[in-house]
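I opened my notebook to look up a few things in this structure. Here is what I checked, entry by entry.

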Amino acid sequence: MEFLSQDKLTIVGAAGMIGSNMAQTALMMCLTPNICLYDPYAPGLEGVVEELRHCAFEGVNLTYTSDMAEALKDAKYVVSSGGAARKAGMTREDLLKGNAGIAEDLGKAIRNYCPDVRHVVVVFNPADITGLITLLYSGLKPSQVSTLAALDSTRLRSELAKYFGISPDKIVNTRTYGGHGEQMAVFASTTTVDGTPLVNLIGTPRLPEKDWFEIQQKVIQGGKNIIDLRGRSSFQSPAYISIEMIAAAMGGKPFTWPVGTYVNDDRFKHIMMACETTITADGVTRKPFEGTPEENKELEKSYEHLCKLRDEVIEMGVLPRIPDWHSLNPNID
């Protein structure tokens, strides 16, 4: 069996639906034979491992533990879905207080037990904020920590494909930026539909303005729709996409959907947000992007919303004041 890497991959929150699907996806993709599953819920974790063993994967060194130090020791890659799941009636932001504390613990554990880790993907919501907290407490470089934001862009691809009745492969370069939440900015100017710029279709009989607005709302409420349909939060898509991100960090095919990354520039300051990015073995590289005036206005609103969430976390005492961030993590400017 040929694996992409021999390095240790640790999956945090592996007893949950996202985490257990991550584990199976990583094994099916042959990322590495050395996978460690962590979850504080030991019986559920053991059950996941039993099922994976029943799959009879070849050449795999699958370990599991409810001891975080053991789980992270010598880990070179970490994916964490280890926060509380979103339930019916909840927004991603409703999870802020509890999951902020979990992110702080994760960051500190990474610093203490696997400071040589190469890449960390944070999945649990609100991912922009939990990723930021993890980054600050881990001591890692911004290029080494990314968050799951691509799911919003892939949902836009799906909605447009359904609307036009064509293969999703003919919907190219769908993009959402900013927050992975109710205030995300859904762009049209990047996308082509079967070779035609999407902006040339909006406001025509093929895509009236009201229909485009409804598509945007479906993307924004994509997670809520899954909960309404299935009675539980999404798990298959976030599991697959996050493992694709880690595969890219391991040196596999570059991951070119937007991800959440740390930003501090002339436009956006001291925030984790979805940008135009690529993940490779060198980590996350951010690329310039520019929308229409209206899209940029929506992006500014999304950024402002994220800043409010960030400031709430600072008020909670989970994060220090921004001027003190560099002292906490010298890699943060």
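My rule for aromatic pairs: rings of Phe, Tyr and Trp (its six-membered ring) pair if their centres lie within 6.5 Å, with planes under 30 degrees apart counted as stacked, over 60 as edge-to-face and the rest as tilted. I worked on a predicted model, where local features need pLDDT of at least 70, side-chain atom pairs count only at pLDDT 80 or more, and totals for chains, interfaces and linings use all residues. Residues are numbered from 1 along each chain as its sequence is written, and side-chain values use heavy atoms, leaving out hydrogens and water.

Entry one, aromatic rings. I found 5 aromatic pairs. One of them joins Tyr 177 and Phe 187 edge-to-face, at 4.8 Å centre to centre and 90 degrees between the planes. Tyr 177 sits in strand β8 and Phe 187 in strand β9, so this pair ties together parts 10 residues apart in sequence; I take strands (E, at least two residues) and helices (H or I, at least four) as DSSP runs, numbered from the N terminus. Phe 187 also pairs edge-to-face with Phe 289, at 6.4 Å and 65 degrees. I noted that Tyr 177, Phe 187 and Phe 289 form one aromatic cluster.

Entry two, burial. I call a residue buried under 20% relative accessible area, exposed over 50% and partly exposed in between (1.4 Å probe, protein chains only). Phe 187 is buried at 1%, and Phe 289 is buried at 17%.

Counting cysteine sulfur pairs within 2.5 Å as disulfides, I got 0.
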